[in-house]
Amino acid sequence: MENLIGLLVAAPLLGAAVLLCGGKRLDRVGHWLGTLLAAASFVIGAVLFADMLGRSGEHRALHTHLFSWVPVGGFRADVAFQLDQLSMTFVLLITGVGTLIHLYSVGYMEHDERRRRFFGYLNLFLAAMVLLVIADNYLLLYVGWEGVGLASYLLIGFWQHKPSAATAAKKAFIVNRVGDMGLSIAIMLMFTTFGTFAFGPVLSSAGDAGEGKLTAIGLMLLLAACGKSAQVPLQSWLGDAMEGPTPVSALIHAATMVTAGVYLITRSGAIFNAAPDAQTAVVTVGAVTLLFGAIVGCAKDDIKKALAGSTMSQIGYMILAAGLGPIGYVFAIMHLVTHGFFKAGLFLGAGSVMHGMNDEVDMRKYGGLRKYMPVTFVTFGLGYLAIIGFPGLSGFFSKDKIIEAAFAKGGTEGWILGGAALLGAAITAYYMTRVMLMTFFGEKRWVPDADGNEPHPHESPKTMTIPMIILALGSLGAGAVFSINDTFLKWLEPVTGHAEGHSPVSALTVTIATMAVLVIGVAIAWSQYGRRPVPAVAPRGSLLTRAARRDLLQDDFNHVVLVRGGEQLTRGLVQIDHTLVDGAVNGTATAVGGLSGRLRRFQNGYARSYAVSMFGGAAVLIAATLLMRAV
Amino acid sequence: MTDVATVHSLWTMAAGAEDKIPAPHIEYGQLSPTLIVLAAAVLGVLVEAFLPRRSRYYAQLMLTVVGLAAAFAAVIGLAAGGYGTEKAHIAAMGAIAVDGPALFLQGTILLVSLVAVFTFAERRLDPAAHGNRVDSFAAQAASVPGSESERAAVKAGFTTTEVFPIVLFAVAGMLVFPAANDLLTLFIALEVFSLPLYVLCALARRQRLLSQEAAVKYFLLGAFSSAFLLFGIALLYGYAGTVTYAGIADVVDGTVKTVDPALAGTMGNDALLLIGGAMVLMGLLFKVGAVPFHMWTPDVYQGAPTPVTGFMAAATKVAGFGALLRLLYVVLPGLRWDWRPVMWGVAIVTMLIGAIVAVTQTDVKRLLAYSSIAHAGFILAGVIAVTPDGVSSVLFYLAAYSFVTLGAFAVVTLVRDAGGEATALAKWAGLGRRSPLVAAVFAVFLLAFAGIPLTSGFAGKFAVFKAAAEGGAGALVVVGVLSSAIAAFFYIRVIVLMFFSEPTPEGPTVAVPSALTSTAIAAGVVVTIALGVAPQYFLDLAGQAGTFIR
């Protein structure tokens with residue numbers, strides 16, 4: 001069975017290699033080949049999953065060592081895999097949702113002449129993402145981490161003829177580099193602290209290291225997670241990343257890659273458990289981001305950007321839960337999986353809407369689409385109910401647990417975190433209802449596009465609707481399946497550990513409160529967008545609305561503080577370089593040149609003066625030797 | 001051990017029975033590399049004497065190549081037979097050591113010579129004089145430059161095929177030099193390889209006066225340094241009562257108590273030891289071109305025919321440093337507190353002066369000469385380490401450096417204008433646009449000289465500096481790195497000149513060489529890259545060969 005693990009990565013990697021190197025002759029079959037290999041990876045994952053279920057909880061993890069990668073002295077990096085319950089959860093999510101989105105893309109990208117390349121990149125992404133979650137050491141994880149970053153860059157900028165897409169790709173890459181730097185520093189710190197970066201030894205001996213070092217490692221890991229998972233303060237790239245094709249937004253920027261930060265923190269649980277300060281930082285980031293993303297989501301008229309804000313906010317929930325320690329890890333991952341279903345479904349629905357509306361993204365130009373796209377409407381609607389936490393649907397179970405756990409943190413901290421999570425739930429209900437109402441309800445508001453083409457909304461082809469239906473089923477039932485008998489908890493507990501917190505409020509109270517804020521959120525949205533017609537041009541709005549439309553001034557902040565500051569710093573350094581460094585270098589060069597010119601004169605071509613110099617040299621040599629003996 | 005005993009018994013027999021003179025015991029098999037080369041040289045002289053002029057070139061070339069290859073095969077055979085390690089011992093009645101360093105250096109010298117002979121034999125480069133194909137050497141060495149007889153010789157298409165036996169004699173001397181185990185053998189080997197070199201230097205076909213001037217200077221200064229060496233030997237004999245390395249070392253260590261009555265006044269006198277040791281060192285430092293005994297180098301490198309310069313710069317340095325290593329590690333280890341500080345000083349000024357003066361050179365051969373001085377300094381840093389790593393790093397460096405040098409000078413022979421080789425650096429401007437391949441190859445050699453990673457120069461420099469640092473010579477390494485930085489400037493400057501300057505209108509052309517020079521240059525590139533990319537195998541080889549027999 002161990003031998004199969006490598007194939008999880010190898011199958012999509014092969015696809016990427018063949019599709020990207022194969023040239024035009026693969027144009028006709030490339031997309032099906034890519035889909036097939038993604039499905040193959042999923043089937044292998046499923047086989048391994050069945051095998052894993054056959055063993056008891058403690059013995060489920062599989063390890064396999066492929067080869068020694070960098071053996072240099074005491075430094076040892078291996079290409080080795082570890083497939084435990086946590087990794088398995090991710091593998092199934094990544095390859096499962098990934099396969100569905102490959103299938104969807106066959107239809108979505110039908111008219112794109114670079115479709116083969118698109119599937120090559122998607123396969124590359126799958127390979128890197130699977131590698132990230134099955135690596136058995138941080139360095140190999142880093143390879144996957146960079147690999148998904150690369151694939152994300154390539155796919156955001158896939159329509160590189162649009163300057164906005166090219167810029168968005170660069171922005172995502174650069175912001176991610178900041179986080180990547182954190183991960184590389186964390187790995188270096190691990191090596192100096194533990195002498196290794198394999199999961200086993202690092203995590204089992206984490207308790208023995210000093211808290212200061214663990215806090216430093218934890219903060220660096222958090223920085224990495226912030227970059228990849230678009231958490232404050234490295235959140236600015238996610239909204240722009242929506243420039244990529246919609247299947248990319250669904251797969252990479254909603255369901256899988258952006259959750260890598262949650263994986264990293266959960267995987268490194270032992271480090272965070274021993275570093276409370278780092279944990280506090282994690283929950284702070286999570287709580288701030290879940291509100292930040294939700295507020296941004298309320299103000300956006302671009303359907304994908306509204307969903308992007310929502311993604312940021314939902315991942316904030318997961319980060320918050322992961323930061324709570326053993327009381328939260330399981331629920332972080334559970335929400336991650338349910339979110340994978342409903343958010344991917346929502347994005348695919350959005351893509352389906354755009355497909356029928358000449359790629360229009362402005363929700364103010366939608367309206368009343370439920371009549372034209374019934375399948376999209378129903379599947380999107382199930383995703384909507386799931387994300388707002390409608391009782392019985394998957395989001396209800398997972399989000400409710402996170403809010404409970406936040407209160408269970410205890411003390412003032414617990415109240416603050418729990419309050420933030422509740423407030424977030426209210427805002428989620430508001431902005432998702434707003435999206436739903438603006439898109440599918442009300443009067444039709446669409447107008448001819450720039451070329452004068454009137455949109456003719458229509459249902460999308462089967463290749464697109466089938467994945468949407470499957471994901472909608474997941475949104476519908478996953479939460480219940482996971483929660484009945486605590487199935488998911490029991491499944492993951494051997495890896496992440498679990499502790500019950502001491503909540504100051506009962507679980508029932510939390511659930512009721514959640515329901516109450518849900519109703520409030522929906523009601524406000526209904527009163528604003530349901531009862532009266534949606535204006536085709538956005539009103540000026542309050543100060544907060546205007547700020548939220550500008551992503552709460554994130555880019556302005558970055559521009560003023562980082563770009564301007566960086567420019568000042570660079571100018572200063574250039575100045576120093578010109579005067580001090582160049583001065584020293586040029587001065588030295590001049591001095592050496594002058595000395596050289598002087599010494600050259602001794603080489604006058606006369607054998608007699610050469611002989612004198614030899615004689616003098618010999619005299620000095622002898623004198624020096626004798627002198628050495630004398631002193 | 002048994003051999004030493006045999007030697008002892010031979011000596012006691014000689015002392016006991018005056019009427020019997022025992023035949024010296026010579027291990028012909030173990031001396032075969034040198035003997036093969038000498039035999040080929042003698043045969044070469046016979047070829048010169050008895051073969052008609054037109055068939056001499058091919059006969060000589062064949063004989064030389066076969067002789068050198070056979071000698072190299074013999075070295076390999078000896079190394080494979082364990083003479084480099086467990087069977088290492090001192091042959092020929094204590095005169096010649098057969099051990100790891102000796103075999104490694106002999107192998108290097110033979111390979112280098114073999115490649116160098118290819119450049120000696122090149123006859124495609126010089127535009128044919130009167131329809132004859134000629135090489136780099138004077139038509140008739142004895143004719144006065146510019147005279148009627150010279151013109152006649154050129155017209156008749158004469159060539160000096162004597163260079164082949166001459167070079168073989170030089171090689172034989174070089175083979176003995178690093179293996180010499182007593183001071184007299186050392187001196188004789190020195191003269192055996194020096195005299196042919198003086199002659200070779202005088203044989204340039206073009207600019208003959210410059211060539212002859214170089215030869216005379218080299219000869220005069222060489223004789224001067226030999227005098228120092230010989231006097232040093234005399235003083236050491238006075239100190240130890242013997243000229244064998246082991247014998248002197250024993251006296252230095254104080255393990256010999258019996259005093260030769262004839263030397264009662266001087267034996268054990270440290271002043272003799274120190275002065276004699278310094279003088280012998282000086283003789284060797286002259287050969288390797290260390291400051292302040294370096295001044296012959298630029299003039300001779302510039303004046304000598306370029307193939308000879310390449311051979312001399314590569315092989316002499318290997319032989320010279322080999323002898324220096326053996327002297328310092330076998331004879332004078334007990335004195336290291338005396339000679340190390342002095343050698344520190346020599347290494348530092350050699351590195352700095354070589355690098356600094358090279359900056360303002362305008363002739364590519366002189367530039368390479370100063371570069372060779374700087375490199376001598378780098379190698380000295382490894383010599384000073386006095387550790388097994390020091391020995392192996394120096395061995396590696398010598399092998400790496402000699403091939404780079406040969407290749408670089410071989411490239412110099414290709415760049416020509418109406419007056420022969422165009423060695424003025426200004427004429428090399430824009431060479432990369434005219435002949436990208438030749439310029440790229442030269443750039444590879446320059447990068448290796450500068451010690452850029454993935455070339456042999458980096459691996460070698462790293463090895464010697466590492467050994468020096470571990471041997472406690474950290475300050476030396478700092479100076480070495482600074483000198484390397486200065487040196488990098490002028491190497492890179494040539495690359496910039498070749499690739500990023502506008503070609504001059506009447507610039508030189510690049511001659512298309514025959515397979516001979518191409519092979520030599522290719523060998524240089526291959527070794528440079530191989531030792532740069534995968535140095536470990538060769539470092540291990542040098543490491544195995546790093547123990548001197550005493």
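Mentor: In chain B, helix H7 (residues 183-201) packs on H8(B) at an angle of about 175 degrees, with the axes 9 Å apart. Axes here are lines fitted to C-alpha atoms, for helices over the stretch in contact, and angles run from 0 to 180 degrees between N-to-C directions. Helices (H or I, at least four residues) and strands (E, at least two) are DSSP runs, numbered from the N terminus.

Trainee: Roughly parallel or roughly antiparallel, H7(B) and H8(B)?

Mentor: Roughly antiparallel, therefore, given that angle. The cut-offs are: under 35 degrees roughly parallel, over 145 roughly antiparallel, 65 to 115 roughly perpendicular, and the rest oblique. Contact (heavy atoms within 4.5 Å) involves residues including Phe187(B) and Tyr198(B) of H7(B), and Tyr218(B) and Phe219(B) of H8(B).

Trainee: Before I go on, what am I looking at, and how is it labelled?

Mentor: It's a predicted model, where local features need pLDDT of at least 70 and side-chain atom pairs count only at pLDDT 80 or more, while totals for chains, interfaces and linings use all residues. Residues are numbered from 1 along each chain as its sequence is written, chains are lettered from A and ligands numbered from 1 in the order in which they are written, and side-chain values use heavy atoms, with hydrogens and water left out.

Trainee: OK. At what angle do H8(B) and H9(B) pack?

Mentor: About 55 degrees, with axes 9 Å apart; H8(B) spans residues 208-240 and H9(B) residues 245-253. The two are therefore oblique to each other. Leu236(B), Tyr239(B) and Ala240(B) in H8(B) meet Ile248(B), Val251(B) and Val252(B) in H9(B).

Trainee: Which residues of H3(A) and H19(A) meet?

Mentor: Among them, Leu100(A) and Tyr104(A) in H3(A), and Met464(A) and Pro467(A) in H19(A). The axes of H3(A) (residues 85-108) and H19(A) (residues 462-483) come within 7 Å and cross at roughly 155 degrees. That makes H3(A) roughly antiparallel to H19(A).

Trainee: Switching topic: how many salt bridges are there over all chains?

Mentor: A search of the whole structure finds 27, a salt bridge being a side-chain nitrogen of Lys or Arg within 4 Å of a carboxyl oxygen of Asp or Glu. One joins the side chains of Arg116(A) and Asp27(A), at 2.7 Å from N to O. Arg116(A) sits in helix H4 (residues 115-134) of chain A and Asp27(A) in the loop between H1 (2-21) and H2 (30-53) of that chain, so the pair ties together parts 89 residues apart in sequence.

Trainee: And the backbone: which peptide bonds are cis?

Mentor: Val232(A) to Pro233(A) is cis, with omega about 10 degrees, and Pro233(A) lies in the loop between H8 (211-228) and H9 (237-240) of chain A. In chain B, the bond from Val291(B) to Pro292(B) is cis too, with omega near 5 degrees. Pro292(B) is in the loop between H10 (270-288) and H11 (296-303) of chain B.

Trainee: What about Met93(B), where does that lie?

Mentor: In the loop between strand S1 (89-91) and strand S2 (96-98) of chain B. Phi of Met93(B) is near 60 degrees, a positive value in a residue other than glycine.
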